[in-house]
Amino acid sequence: MPTYYVGPGGNDGNDGLSWANRFLTLNGAEDEPVAAGDTVYVAPGIYRELLTCDVSGSSGQPITYIGDVTGVNTDNIGGVVRITGSDNDLTGVRAYCVYSAAKEYRTFRGFSFDLATTSFVRFDDDVGEVIIEDCYFGESVDFADEGLRFWNCVASDTYIIRRCFFIAGEKALYLANTSGEVAISSSSLIENCIFFGSAYGDAVHVDRVVGFDIKNCLFFARDKAVFSATATTGSFDVLNSIFVFNVSALEAQATGDIVEDYNAVPGNNATQRTNVNTGSNSNAYPMLGQTINQAYRWPWNLFMLSKDSQLTAIAGSSEATEDFFGITRPTTSSKKSWGPIQYQPATRETTETRGSSAGSLKLPDAGRTQITVPVFAASTTISVYVKREANYAGTNPQMIIKEPGQSDRTKTDAGSSGSWNELTDTFTPSGDVDFVIVELVSDNTATSGSYAAYFDDLAVT
Amino acid sequence: MTTYYVGKGGDNGNDGLSWDERWLTLNYAETTIAGGLHTVYVGPGTYREKFTVSYNGSGGTHFNFIGDPTGAITDGIGGSVRITGSDDDITATRTHCIYFSAYPSWRSFYNFDFDLATTALVGFSSSANDVGFYNCSFGETVSVTTYGFDYSLFSSGEWIQVEDSVFIGHDAQMILGAATGTGGFAAGAFANNNIFIGSFGHAVLVRNKSTFYQRNNLYIGHPIAYQFYEASTENPNNCDIYNCIFLNNTVAMQNHSLGVHIEEDYNAVPGNNITKRILISVAGSNSTNDHPLLEAPRLFAGIQLPWDMFSLGEWSLIARKGTNAAPASDIYQITRPASGKESWGPIQYQPAEKDTTEVRLSSDASLRLADAGMVQFFLEVSAVSTTIDVYVKRESNYAGTNPQMIIKEPGQSVRTTTDAGSSGSWNKLTDTFTPSGNIGYVIVELVSNNTATSGDYKVWFEDLAVDLTGI
């Protein structure tokens, strides 16, 4: 099970077994040929080719292509790993970015796709056992393009699409079986995806494929958000998702084809449901996305719930355990948020502060805030003081230091509640990337009493 | 001219003349001040009232309501300054967030978030003159028939500006004019640097009105992004549209009739718009089918990078083309490069790339700005003496103002340090100052102002060092 490397400056005449001896092209790796269990690290850069899958992996031994966006396994620089159907960033010349006919057990992670003329990524002819994760399906060259297409899904095979972002296409995600209804593996799921911004394009377009779940997705300004094109005897489930500004949110040909519950489908969808029964736990709450603070460029996420959103306080059902960013969701059911992003921003607090500090960061409940800190490959100490209120329950507040490509470093409050306790960590960053992310976390599970957590005096030396 | 304050914890029995003596409600401020050349700062928080605007500014100078999302002037905490039509954040109960009654003139509004009204987020009972909305978010509504900015009822309006704002959802996001009542805007009426996302009808619909300009807007996912409808017979001047980006719309631009009314040029209208132009006989000679190629996120588990999906990616062709009469700054109020290198659309922020070959001493990498642009860091600081420094190297053909380190703290003056060394060497930029402590952070901007168009003009920044002493 060798590991191969692909990147700019490589040569397909190399053996591909190290970064120094990397291949130049994706097809250079594929044609080696890759075999079941192999991993291919693809460096940041632009790949102007159609990757044709020639080989199948096997059960438990998929062939995995990883776009190395942080650069820690490849060029040590990092950046977008882009496969494009264009040679000039203006017109599309290739039908697909990635194409597979009858090749299964394939995994793709960390790629950006755009400007193909037919489908960005297409799996034809009985292809199953596919995982697509952490991918971006960007702009299409034509209004008839598709983002990700599975054509003729296979009974009992597994299809997993998670943490992907789609702006493309007449159909962003297309699951079909042309020869009749097929029930794919119940492990199949579409999870933590964001479908965004097309006046004419469907988000998830399903034709005679049943038996899978759609969980914790956000459907934002599409034509048909979740659409079942043909009546079926089986069904698929839609759970814990948010629908805003869609022309048609949930649409089937016959009642029972789509089973939905725990979804937010407010009146700003022109049609909320067509031939879909309203789940007993679904509601019409608006999303209330995080809004903008201009003049200063805040890290701003249109797809994050604001502190005013009522959705954050609603129980869900069998949610994804992580969110779009891979952050673990709080475990107490009554605190789960909906949709793909449950990251909860901290608010600034001026009354509960340590010493003469002007303000602290307050996490009113389970959640976290992230701070990006520039670092170098020299011994670095990061410390912060934390105070939790008396009724806080669950794992005590934590400081987690994340560096791409490195293990998380976690420090947990071991002091008593009601006092300022210091969390401190000394380490030497790898220097591969020039930042770490400091996460300040409340894991509170209490639902009554006082359970806020405060952080103050973050210091980096 | 007097400065007044409105905020949470205020009392309408106060005099409103300081934050400590702030009023509680927007309507109390409006009716108590009763117009004139004044400024009202509004603290962060949610205002559950229909703000009825009925008084004039004075002598052509505006009566301003300014939301303070950084908190620097009001509560010292910061947050969204939100006017909502809802009492429970679930259902909408009021028709408008801001409603212009009678004929108020010379009025401007900054930094507000609007949502959940039933008729329109901002509406007008009749005409209004000299009205500006800046840095506002026209957010979620609970119905598909709600308008964002509803200026349909006016009959002789003269001048409005909507700039640096974001619109999501709505029937029409901006509607100007109606089936009856023709008229023209005064010169200077425009919508610039706005992001329009996902309406059910139009991003911008102009009916029977003329001389309304649009510059550097981004339109994503609309049935019709811009329509000029029912042309004014009385004043058939153009409603021009320049430097805008259209993405995933059913129709990008639709004119009332061939000829005048819409003059479009310097726009990016790629093929993912089903119909690009209706009744526009000639596409602008400088318009393009280029794709904006918005910045792609680096999605990988566990790490959330600050990511702005509306920035142009490093490979976007349109980021490198000249534009026409673009606003001097972008939606973040970052100054656009002045030398024919301006980018299209509302965001021209250009991310730096990491460079491992051009480094200082034994460093692993530097940040490279390939051309005019800037990168921003958020740094946590407290009210103690703080030193921030960085090394910079510019190439020999770099022209224009030398590279800069700019430190921004909300509510404080901008601190700028400019490279005074020679090209080709690593020069140190350093600044020592004491942050106000009102806000827990500063923004450090590393800037290339290059205007050269040939030769070598890249800039590298390296070894940013900060004395980080507290939140």
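**Figure 1. Overall dimensions of chain A.** Chain A has a radius of gyration of 23 Å, which agrees with the value near 23 Å for a compact globule of 461 residues; the radius is taken over C-alpha atoms, and the globule rule is 2.2 Å times the number of residues to the power 0.38. This is a predicted model, in which local features need pLDDT of at least 70 and side-chain atom pairs count only at pLDDT 80 or more, while totals for chains, interfaces and linings use all residues. Residues are numbered from 1 along each chain as its sequence is written, and chains are lettered from A and ligands numbered from 1 in the order in which they are written. Along the principal axes, the C-alpha atoms of chain A fill a box of roughly 70 × 55 × 45 Å. Its secondary structure comes to 1 helix and 38 strands (DSSP runs numbered from the N terminus: helices are H or I with at least four residues, strands E with at least two). Of the 461 residues in chain A, 58% are buried. A residue is buried if 20 or more other C-beta atoms, placed from the backbone, lie within 10 Å of its own, exposed if 12 or fewer, and partly exposed in between.

**Figure 2. The two domains of chain A.** Domain 1 covers 3-274 and domain 2 covers 346-460; the bounds come from an automatic or database domain assignment. Their centres, taken over C-alpha atoms, are separated by 36 Å. The contact between them takes 5 residues from domain 1 of chain A and 4 residues from domain 2 of chain A, where contact means C-beta atoms, placed from the backbone, within 7 Å. On the domain 1 side, the residues divide into 1 nonpolar, 4 polar and no charged. Here Ala, Val, Leu, Ile, Met, Phe, Trp, Tyr, Cys and Pro count as nonpolar, Asp, Glu, Lys and Arg as charged, and the others, Gly among them, as polar.

**Figure 3. The largest nonpolar core, around L173(A).** This core has 199 residues, and L173(A) is among those with the most contacts inside it, as are F137(A), F166(A), F195(A), F219(A) and V226(A). A nonpolar core is a set of buried Ala, Val, Leu, Ile, Met, Phe, Trp, Tyr and Cys residues joined through C-beta atoms within 7 Å. Leaving out residues up to four places away in sequence, L173(A) touches G147(A), L148(A), I161(A), F166(A), I190(A), A203(A) and V204(A).

**Figure 4. The interface of chain A with chain B.** In this interface, 81 residues of chain A are in contact with 82 residues of chain B. Strands of chain A that each supply at least two residues to its side are β9 (112-114), β30 (347-349), β31 (360-363), β32 (367-374) and β38 (453-460). β38(A) gives the most, with 5 residues. By class, the chain A side has 39 nonpolar, 28 polar and 14 charged residues.

**Figure 5. Helix α1 of chain B.** The buried residues of α1(B) (residues 26-33) are L26(B), A29(B) and E30(B). They lie on the same side of α1(B) because they cover an arc of only 100° around the axis, the arc being that of the directions from the helix axis to the C-beta atoms. These buried residues pack against β1 (3-6), β2 (39-42), β3 (45-47) and β4 (51-53) of chain B. A34(B), which follows the helix, has a positive phi, near 55°.

**Figure 6. The loop holding G78(B).** G78(B) is in the loop between β5 (63-67) and β6 (81-84) of chain B. This residue is buried, with 24 other C-beta atoms within 10 Å. The C-alpha atoms of G78(B) and D330(B) are 23 Å apart, and the two residues are 252 residues apart along the chain.

Definitions and conventions
Contact = placed C-beta atoms within 7 Å.
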